[in-house]
Amino acid sequence: MGKKIYSAYGHIKQLAEEELKGLKKAGVEAVIKMVPETLPEEVQKKMHIAKFDYPVATVDELVNYDGFLFGFATRYGSAPAQFKAFMDATGQLWFTGALKGKVAGVFQSSAGAGGGQESPALTFMPHFAHHGIAFVPMGHHPHLSVLTEARGGSFWGAGTLASTDGSRQPSTLEKELAEYQGEQFGKFVNRLQ
Ligand SMILES: Cc1cc2nc3c(=O)[nH]c(=O)nc-3n(C[C@H](O)[C@H](O)[C@H](O)COP(=O)(O)O)c2cc1C
């Protein structure tokens, strides 16, 4: 199992770590990797983008995994351009049908509740369709019915709200959703063996 993330300030990184716990609960072997950064160093500095220790994924290694969980730090209601660049480099894999039959899920982070808890998932679907990768949604969990506190996450996948300045950190409820998604996704992958 490969987990690909793009996280500028650590929110998606934290959710990815919860997803990993869930995957492990399901008995799945999984790794967290970052997609390559595409912004110039100078822009990264201005944006105060953090550096994380996770290894950077290569397109060629995608064939080695049964499934992928993609973690999106929302950009303008969509997945980050870094993901688009990564997927745009998979032409050879598409041509040979190398990713056909694999499975994918997504989780996301946005500043606000209406800012991208569903649209990054929705707008990324063509990548999966064109590759013949089956999308596995998170589906319902009782936490999604909680309206007494601010929360990210949707039927598409777990999520967190970072606030405009990035100061809000993933809540217990959001982390539990991420772990739940990881476990459900892991169980799904196991059924494919
Ligand atoms: C260029 C840019 C565009 C963004 N667009 C959105 C957006 O459309 N909606 C939203 O809620 N947040 C938006 N954000 C906020 C990010 O989604 C937020 O910083 C991110 O989810 C935090 O996750 P991270 O710490 O893992 O990077 C944007 C941030 C940047 C830098």
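Me: By class, what residues make up the lining of the second largest pocket?
Reply: In this predicted model, the lining of the second largest pocket comprises ten nonpolar, two polar and two charged residues.

Me: How much space lies in the second largest pocket?
Reply: The second largest pocket holds about 180 Å³ of space. It is lined by 14 residues, and those closest to its centre are M34, E37, A50, K51 and F52.

Me: Now the largest pocket: how much space lies there, and which residues lie nearest its centre?
Reply: About 370 Å³ of space lies in the largest pocket. Its lining consists of 20 residues, with Y9, T74, R75, A111 and A162 nearest the centre.

Me: And how do the residues of that lining divide by class?
Reply: The lining of the largest pocket has seven nonpolar, eleven polar and two charged residues.

Me: Which elements supply at least two residues each to the lining of the largest pocket?
Reply: Those elements are α1 and β4.

Me: Where does the ligand sit?
Reply: The ligand is located in the largest pocket. The elements giving two or more residues to the shell around the ligand are α1, residues 11-25, and β4, residues 103-110.

Me: How many residues surround the ligand, and which are the closest?
Reply: The ligand is surrounded by 18 residues. S7, A8, H11, T74 and S109 are the closest of these. T74 is also among the residues nearest the centre of the largest pocket.

Me: What does the shell around the ligand look like by class?
Reply: The shell contains eight nonpolar residues, nine polar residues and one charged residue.

Me: How much of the ligand's area does the protein bury?
Reply: The ligand exposes 630 Å² when taken alone, and the protein buries 82% of that area.

Methods:
Residues numbered from 1 in each chain as written. Predicted model: local features only at pLDDT ≥ 70, side-chain atom pairs only at ≥ 80, totals over all residues. Heavy atoms only, no water. Near = heavy atom within 4 Å. Areas by Shrake-Rupley, 256 points an atom, 1.4 Å probe, with all protein chains shown as cover. 1 Å grid on protein atoms, 1.4 Å probe; cavity = no way out; pocket = protein on both sides within 12 Å on 5 of 7 lines; lining within 4 Å. Sits in = over half its atoms within 2 Å of the grid points. Helix = DSSP H or I, 4+ residues; strand = E, 2+ residues; numbered from the N terminus. Nonpolar A, V, L, I, M, F, W, Y, C, P; charged D, E, K, R; others polar. Points joined across faces, edges and corners; volume = space filled by probe spheres on them.
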